Amino acid sequence: MRYFIFEAGSRAGLSAELFFKEYIKQSKCSDEIVMVDCDPIFSEMRGNNKIIRVDETKAIQMLSRHDIIFPADELTRQCNELIMNFSSNNPFSAIKPWYYDKKYVNEVLSHSKSNIRIPNTFSPTAVIIKPNTKSAGSKGVYRVNAVCVEEAIDIEKEYVVDCFEKNGNIQVFPREIKLKNGYDKYIKLLPTDGGLVEKIKDFVTSANVGGLFKSIFHLQLAENAKGELFYIESSKRISGSSIVNIERGFNPFCFMNGVNAPYSPKHELNKWYRFEDFLL
């Protein structure tokens with residue numbers, strides 16, 4: 001089997017490559033991956049007989065009906081119609097355009113009954129922002145188009161939750177994070193059972209959102225000072241830093257192919273680590 005990984009220069013690409021190496025070690029199979037990035041320099045990076053690095057133009061020429069697009073990317077599948085259609089041939093990578101319509105997803109999820117709240121989401125997608133103070137004329141006023149307008153949450157804690165789903169059975173791998181420049185700088189692994197996980201499973205199973213919460217996906221959640229949980233967003237792909245969960249038996253390639261992923265914890269639960277600590 002050959003897997004294509006788009007946006008491979010990202011953290012998600014790095015996680016996918018490390019997952020693949022562990023999968024090969026466990027399965028002893030002859031599978032290979034094609035790492036794809038729009039940056040032409042990326043294709044010059046060293047590979048081997050199982051890991052090929054190419055740019056997007058070359059990748060599209062290589063794709064055949066026997067290949068699988070691994071769910072590590074997001075923007076490529078949203079923006080490239082050919083790749084989006086190809087992705088739809090496999091349930092692990094299949095997407096629909098509305099998955100990325102945050103306003104629509106929030107509206108659908110708001111009808112589900114669970115302990116995870118959906119922030120109040122407002123109907124307009126083109127809005128005028130103006131100061132709610134004394135102002136003169138149009139000073140400080142500006143227009144924003146194509147937006148999802150929702151209530152602000154006083155966030156105390158943020159969570160990323162990597163998930164597997166098969167035949168209604170859900171595996172949940174949660175972690176608390178501290179962000180810097182949009183990336184997980186500090187990570188605290190949380191138990192894969194208990195109250196938080198039960199709330200997440202209840203939320204996922206009660207949500208009527210088509211295939212969004214199927215196969216391989218991840219959630220972003222937030223908790224306020226009152227301990228209330230809020231849904232922030234989700235994606236039908238691995239999270240960028242999901243490699244931190246490999247020691248807990250999280251390996252998408254193993255999951256896709258029915259191979260037992262090793263469980264070999266090296267880091268304590270409920271303790272802060274740098275992201276880099278999981279790569280050492």
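Start at glycine 227. In this predicted model, glycine 227 has a positive phi near 85° and sits in the hairpin of β11 and β12, with four residues between the strands.

Stop 1: Select β11, residues 215-224, and β12, residues 229-235. The two run antiparallel and are joined by six bridges. For a landmark in this pairing, show glutamine 220: glutamate 233 in β12 stands opposite.

**Stop 2: the cover on β11.** Is β11 mostly covered or mostly open? Colour residues 215-224 by accessibility: nine of the 10 residues of β11 are buried.

Stop 3: Pick valine 161 and look across to β11; leucine 219 stands opposite.

**Stop 4: the whole sheet.** Which strands make up the sheet, and in what order? Select them in turn: β5-β12-β11-β8-β9-β10-β13. This is an open sheet of seven strands with mixed pairing. Go to the edges next, at β5 (116-117) and β13 (272-274). Each has a single partner strand, so one side of each lacks a neighbour in the sheet.

**Stop 5: β9 and β10.** Move along to β9, residues 169-180, and β10, residues 183-189. They run antiparallel, with six bridges between them. Show lysine 178 here; the residue opposite is tyrosine 186 in β10.

Stop 6: Zoom out and switch to a cartoon. The protein chain holds seven helices and 13 strands. Its C-alpha trace spans about 65 × 45 × 35 Å along the principal axes. Why does the radius of gyration fit a compact globule? A compact globule of 280 residues would have a value near 19 Å, and the protein chain has 20 Å, so the two agree.

Next, look at how the chain packs. Of the 280 residues, 45% count as buried. Among contacts with a separation of 6 or more, 58% are between residues 24 or more positions apart.

**Last stop: the surface.** Then colour by charge. The protein chain has 37 positive and 35 negative charges, and their mean positions are 1 Å apart.

Key:
Residues are numbered from 1 along each chain as its sequence is written. This is a predicted model: local features need pLDDT of at least 70, side-chain atom pairs count only at pLDDT 80 or more; totals for chains, interfaces and linings use all residues. Side-chain values use heavy atoms; hydrogens and water are left out. Buried means under 20% relative accessible area, exposed over 50%, partly exposed in between (1.4 Å probe, protein chains only). Two strands pair if DSSP finds at least two bridges between them. The radius of gyration is taken over C-alpha atoms; the globule rule is 2.2 Å times the number of residues to the power 0.38. Contact means heavy atoms within 4.5 Å. Lys and Arg count as positive and Asp and Glu as negative; His and the chain ends are not counted. The place of a charge is taken as NZ of Lys, CZ of Arg, CG of Asp or CD of Glu.
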